[in-house]
Amino acid sequence: MQVISFVGQKGGVGKSSLARVMAVAAARRGQKVLICDFDLEQLSCVEWAATRLKNGVEPEVDARAFKSLKKLRKSTEGFDLAVVDTRGLADELTTDLCRESDLVFLPTGTSMDDLRPTLALARALAKRRGGVAKIVLVLTMVGKSERQMEQARLVIEQAGFDLLEQTWPLRDGFQAEFDAGRAGSEASNPYLRDSARALEQAMLAQVDLASVAAAAR
Ligand SMILES: Nc1ncnc2c1ncn2[C@@H]1O[C@H](COP(=O)(O)OP(=O)(O)OP(=O)(O)O)[C@@H](O)[C@H]1O
Ligand SMILES: [Mg+2]
């Protein structure tokens with residue numbers, strides 16, 4: 001079983017939205033996937049999965065609330081993939097979850113206000129003994145400024161971290177899709193769907209790389 005976590009040092013950067021894209025993509029390719037929702041104050045993924053079930057959106061995606069690493073280890077038997085959604089602010093539990101993960105995605109905005117804390121978290125995670133298998137940053141909620149995106153890419157590259165080549169664009173249209181229990185990759189608007197699918201494919205490629213790396217360990 002693979003564990004893929006979505007982690008951040010800022011709230012509202014798209015952790016839950018990307019976790020849903022990831023979970024739907026894995027389910028669509030026939031994997032048994034469980035979203036492990038560690039954000040007990042919001043339970044965004046649990047609520048979303050319930051709406052999805054109510055609205056009959058296929059494939060069904062199972063999401064459950066989790067409070068501890070112990071429970072995660074105990075409850076994921078029989079699943080191929082655990083997609084872990086975490087709280088807005090990284091805490092000790094987040095660090096432990098990262099150490100348990102085969103791959104950690106760190107969504108971040110393009111501003112230095114967002115990049116600074118994200119890179120600090122990435123460094124802290126990379127430094128922890130036992131380490132995190134793999135950290136990949138994702139530029140999220142991006143606007144239309146290519147210049148802003150390029151600057152962010154450069155900052156991340158200079159910091160020595162991997163960055164997903166696809167970004168998650170900020171578009172109002174996504175919100176109605178989430179509210180109906182769909183992931184961005186299932187949006188009815190082709191532009192929204194295609195951009196989410198491109199991100200989905202890039203994330204899946206990282207998941208497959210992590211799986212090969214785990215097999216080689
Ligand atoms: N691409 C997008 N375009 C527009 N709105 C978005 C997009 N992605 C997510 N949102 C909205 O932005 C808000 C934050 O997204 P999301 O919940 O995925 O972030 P998060 O990192 O999980 O937040 P939190 O730290 O509160 O858990 C939500 O209201 C969500 O519906
Ligand atoms: Mg969230």
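Helix 1 (15–28), strand 8 (168–169) and helix 7 (173–179) each supply at least two residues of the shell around ligand 1, where helices (H or I, at least four residues) and strands (E, at least two) are DSSP runs numbered from the N terminus. This is a predicted model, in which local features need pLDDT of at least 70 and side-chain atom pairs count only at pLDDT 80 or more, while totals for chains, interfaces and linings use all residues. Residues are numbered from 1 along each chain as its sequence is written, chains are lettered from A and ligands numbered from 1 in the order in which they are written, and side-chain values use heavy atoms, with hydrogens and water left out.

**Exercise 1.** Describe the residues around ligand 1 and the polar contacts of its oxygen atoms.

*Solution.* Begin with the shell: of the 18 residues around ligand 1, Lys15, Ser16, Ser17, Gln42 and Pro169 come nearest, a residue being near if one of its heavy atoms lies within 4 Å. Next, turn to the polar contacts (pairs of N or O atoms within 3.5 Å). An N or O atom in the side chain of Lys15 is 2.8 Å from an oxygen atom of ligand 1, and a polar backbone atom of Val13 is 3.0 Å from an oxygen atom of the ligand. For Gln42, a polar side-chain atom lies 2.8 Å from an oxygen atom of ligand 1. Finally, consider the area: taken alone, ligand 1 exposes 630 Å², of which the protein buries 81%, by the Shrake-Rupley method with a 1.4 Å probe.

**Exercise 2.** Classify the pairing of the rings of Phe38 and Phe66, and locate both residues.

*Solution.* The structure holds 4 aromatic pairs, that is, rings of Phe, Tyr and Trp (its six-membered ring) with centres within 6.5 Å, counted as stacked with planes under 30 degrees apart, edge-to-face over 60 and tilted for the rest. The ring centres of Phe38 and Phe66 are 5.6 Å apart and their planes stand at 25 degrees, so the pair is stacked. Because Phe38 lies in the loop between strand 2 (33–37) and helix 2 (44–54), and Phe66 in the loop between strand 3 (62–65) and helix 3 (69–75), the pair ties together parts that are 28 residues apart in sequence.

**Exercise 3.** Describe the backbone at Pro59 and Leu43.

*Solution.* The peptide bond from Glu58 to Pro59 is cis, with omega near -5 degrees, and Pro59 lies in the loop between helix 2 and strand 3. Leu43, a residue other than glycine, has a positive phi near 45 degrees.

Conventions:
A polar contact is a pair of N or O atoms within 3.5 Å; within protein, one must be able to donate a hydrogen and the other to accept it, and residues adjacent in sequence count only if both atoms are side-chain atoms.
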